[in-house]
Amino acid sequence: MRRDGRGRGVSVAAATALVCALGLSAVPETAYAAPGEPGPGDGSGGGANGGQSLEEVHQEVDGLYRKAESATDAYNLARERQARQEKAILKIARAVVKAQKEMAGLRKRAGAMARAQYRGGGMPAEARLFLNGDPGDFLDGVTLARKGEQATHGLIGRLERTQVALDRYADSASQEWERLDRSRAKKAAAKKEILRKLARAQRLESRLAKDERERLRQLEEDKARGAQAKWLDTGILRELGSDATAMGGRAVDFARAQLGKNYVWGAVGPDTYDCSGLTQRAWATAGRAIPRTSQEQWRLLPKVSAKDMRPGDLIIYFRDASHVGMYVGGGAMIHAPRPGRQVTFAGAGSMPILGVVRPDAR
């Protein structure tokens with residue numbers, strides 16, 4: 001990890017969270033009721049949880065938030081596509097206006113040529129030349145006639161090409177509008193799915209008593225510490241890099257400065273973030289534009305082996321690439337976990353790792 005001292009402003013609370021995240025806490029573990037058994041303060045197998053044990057509540061809440069996060073990726077991707085399609089339609093509209101102006105000018109010229117021919121009595125230019133008694137005028141007239149014929153053919157050609165361009169723009173605009181409608185529909189469906197799952201998870205949590213909510217948080221942390229300890233037991237920490245690039249270091253510094261800010265789905269700062277909003281903004285601040293969603297970050301950014309990970313790299317989690325955190329060194333990462341939580345330190349191995357990507361890979 002970088003030793004330049006820029007991370008010294010992290011609070012004691014954040015440092016404590018890091019120790020806990022790495023599975024090094026010396027705090028004795030709390031005893032929890034097994035699924036279906038009464039627990040402290042609930043007086044039954046499920047208290048206000050509709051008969052569910054705390055473990056079952058945790059599994060359902062965690063599953064709902066993960067599905068909502070995956071839907072958030074779909075929402076953000078549809079929103080990006082919608083923005084691109086709106087720009088494409090605007091570009092087409094500008095091209096149409098330009099082509100229409102050109103068409104109006106060409107038609108005006110064509111009309112002027114037709115009127116000139118009418119004033120000439122409708123006699124073909126070749127006949128008028130043949131009847132001209134002055135040889136010099138005749139030769140000059142031949143040259144002018146050829147130029148006029150070329151101009152006429154050129155005008156007709158330009159009119160045809162401009163009309164073809166207008167037809168093409170019309171087809172392109174229709175296709176872009178259809179794509180835009182599909183993106184809007186996907187965005188609306190994803191948002192509906194997000195809100196439904198978030199509401200269900202929040203209802204489950206709201207039915208918990210205060211002590212149960214604290215135990216639920218502790219249960220989440222215990223599971224994360226267990227997964228982290230198992231990951232560290234592989235000896236991977238000895239292989240991981242500790243030195244960030246200059247750009248990666250700036251991204252890490254930015255992520256550290258966001259510790260404690262709330263998770264809000266779809267948010268990209270400066271006061272709230274979702275998981276990929278945090279990583280995108282961190283790397284944008286460092287000087288590198290990266291995709292908006294964790295799934296697109298996984299799909300498009302250069303991949304590196306987990307054992308070669310260095311600070312600033314992005315860790316993609318779960319098989320559907322629905323979560324992302326930033327590795328900051330020492331086996332830890334910073335991420336925006338889920339609604340109801342804040343940007344925090346966590347063990348890099350506290351969730352199932354899909355892979356690692358490096359935004360500043362050369």
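Strands are DSSP runs of E of at least two residues, numbered from the N terminus. In the predicted model described here, F318 lies in the loop between strands β4 and β5. The phi angle of F318 is near 70 degrees, a positive value in a residue other than glycine. A321 is likewise placed in the loop between β4 and β5, and this residue, although not a glycine, has a positive phi of about 55 degrees. Residues count as buried under 20% relative accessible area. F318 is therefore buried, with a relative accessible area of 14%, and A321 counts as buried at 4% relative accessibility.

The secondary structure of the protein chain as a whole comes to eight helices and eight strands. The chain has 362 residues, and buried residues make up 40% of them. Among contacts between residues at least 6 apart in sequence, 71% join residues at least 24 apart.

The largest nonpolar core has 42 residues. Within this core, the residues with the most contacts are W283, L314, M326 and I334. At least two core residues are supplied by each of the helices α2 (54-119), α4 (135-206), α6 (246-257) and α7 (275-286), and by each of the strands β4 (314-317), β5 (323-329) and β6 (332-335). The largest share, eight residues, comes from α2. A second, separate core has 14 residues, including W231, L240, V304 and I315.

The surroundings of I334 were examined with its neighbours within four places in sequence left aside. On this basis, I334 is in contact with A255, R256, L259, L278, G325, M326, V328, V343, T344 and F345. One of these residues, M326, is also listed with I334 among those with the most contacts inside the largest core.

Helices α6 and α7 pass each other with their axes coming within 8 Å. By class, the contact of α6 with α7 has six nonpolar, two polar and two charged residues.

The peptide bond from G269 to P270 is cis, with omega near 5 degrees. P270 lies in the loop between β1 (262-263) and β2 (272-273). G349 is placed in the loop between β7 (344-347) and β8 (353-357). With a relative accessible area of 7%, under the 20% limit for burial, G349 is buried. Residues up to four places away in sequence not being counted, G349 touches A227, Q228 and W231. W231 also belongs to the second core. G349 and K230 are 119 residues apart along the chain, and their C-alpha atoms are separated by 8.1 Å.

How values were computed:
Residues numbered from 1 in each chain as written. Predicted model: local features only at pLDDT ≥ 70, side-chain atom pairs only at ≥ 80, totals over all residues. Heavy atoms only, no water. Core = buried A, V, L, I, M, F, W, Y, C linked by side-chain atoms within 4.5 Å. Buried < 20%, exposed > 50% of the residue type's maximum accessible area, 1.4 Å probe, protein only. Helix = DSSP H or I, 4+ residues; strand = E, 2+ residues; numbered from the N terminus. Contact = heavy atoms within 4.5 Å. Axes fitted to C-alpha atoms, helices over the stretch in contact; angles between N-to-C directions. Nonpolar A, V, L, I, M, F, W, Y, C, P; charged D, E, K, R; others polar.
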